[in-house]
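Please keep the model in view while reading.

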Amino acid sequence: MSRERVFSGIQPTGTLQLGNYLGAIKGMIELVEHYECIYGIVDYHAVTVPYNVEKMPQNKLNVAIGYLAAGLDPQKATLMVQSDVPEHTELAWLFGCITSVNKLEHLPTLKDKLETVDFFSSGLLNYPILQAADIVIYKATLVPVGRDQEAHIEFTREVVRKFNNTFGQTFPEPASYNTPGAIVPSLSGEGKMSKSVPGSYIALTDTPEEIWQKLAQTLTDPRRVRRDDPGDPEACPVIWQLHHIYTPEEKRAELAEGCRTAGIGCLQCKRELYRLMMEDLSPLQERWRDLAAHPDYVRDVLREGAARVRPIAQATMAEVREKMGLAGV
Ligand code: AQP
């Protein structure tokens, strides 16, 4: 029996950050044992905002390294670069022709994104259409993404319904798979951690010293001015949320009590978090260094990945052209 197919992607817009790993990649890797997984490095998404041309190849390589260092087995899942399979953009063009501009303008993610860019390209407006095409070009039915992406998966389902209703049943409606990790907050306390927002993130390639410095500088409950001031963990926007991800419940209760009674200081609380975080990140960082020393191996994985899935994308496009009356003259 063939297994259900999964697609998800990450943009090569910078160095992978903790949120990408905890909110997306970890969950993606868990699915590999149970589903046929295709994971993309979605470079055509990354050019919808102004970007650094020189850094793009290394950013793409780094995302691939990130997936592999986090434990993705390229024999069990496909890792590929979006632009190596041009059918993604071909399908996106056709989806654009059945989507209203009004719909795209009202997606909540667009408003957030516009706050971070000076130039609003039509590529950025059409980004969710390309995302829909990325998923359904493989007729994937499950999409593991962070919780912040739910609106885009709902949008994909709407595009699929519109296409199927207009041209005949072609695509399954995909469901999002909420990975167990929560949204990782920005270190500034405002919004989520993002690899393109400086000051917001812990990069997976940060040295242990850099990670400690970032945690040490992160604001905690503002009422804890001195070591002896009691605090409230719920008023500690970043560190406490990270403890929810990393720290077992019993230990967390102990830390909360220590905070409320001023039995422990914020630095001690951060040291406990740092210890658990490094336990998780150290093996990943070791594998990262090894992979970074063998870039040709990583390039081979990507080449083989694209070659494996291109026939699926080509078959879908042949069916789409047929259904839309574009197959011949
Ligand atoms: N802070 C986060 N917490 C949990 N999950 C997150 N993801 C991103 N940030 C967090 C998830 O990571 C996957 C890859 O996302 P992407 O690179 O395609 O785009 P993004 O969501 O916009 O990620 P960034 O890091 O914020 O990139 P930039 O700065 O370029 O916009 C997605 O599944 C996302 O949910």
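The side chains of Asp43 and Lys60 form a salt bridge, with an N to O distance of 2.8 Å; the term denotes a side-chain nitrogen of Lys or Arg within 4 Å of a carboxyl oxygen of Asp or Glu. Because Asp43 belongs to helix α2 (residues 43-46) and Lys60 to helix α3, the pair ties together parts that are 17 residues apart in sequence. Helices (H or I, at least four residues) are DSSP runs, numbered from the N terminus. Over the whole structure, the search finds 20 salt bridges.

The model is a predicted one, in which local features need pLDDT of at least 70 and side-chain atom pairs count only at pLDDT 80 or more, whereas totals for chains, interfaces and linings use all residues. Residues are numbered from 1 along each chain as its sequence is written, and side-chain values use heavy atoms, with hydrogens and water left out.

The protein chain comprises domain 1 (5-184 + 295-324) and domain 2 (208-288), with bounds taken from an automatic or database domain assignment. Their centres, taken over C-alpha atoms, are 33 Å apart. Across the boundary, 13 residues of domain 1 are in contact with 10 residues of domain 2, contact meaning heavy atoms within 4.5 Å.

The size of an interface is often given as the accessible area lost when the parts come together. Here the two domains bury about 920 Å² between them, 71% of it on carbon and sulfur atoms; this buried area is the accessible area (1.4 Å probe) lost on being put together, summed over both parts. Within domain 1, Leu18, Tyr21 and Ala69 lose the most area to domain 2, together accounting for 44% of what that side buries.

Between the domains there is 1 salt bridge. Asp280 forms a salt bridge with Lys26, the closest N and O atoms being 3.5 Å apart. On the side of domain 1 that touches domain 2, the elements giving two or more residues are α1 (18-31) and α3 (56-69). Of these, α3 gives the most, with 5 residues.

Which residues come nearest to the ligand? Of the 22 residues around the ligand, they are Thr13, Lys192, Ser194, Lys195 and Ser196, where a residue is counted if one of its heavy atoms lies within 4 Å. A polar side-chain atom of Ser196 is 2.4 Å from an oxygen atom of the ligand. An N or O atom in the side chain of Asn20 lies 3.2 Å from a ligand oxygen atom, and a polar backbone atom of Gly19 is 3.3 Å from a ligand nitrogen atom.

Methods: Polar contact = N/O pair within 3.5 Å; in protein donor to acceptor, adjacent residues only side chain to side chain.
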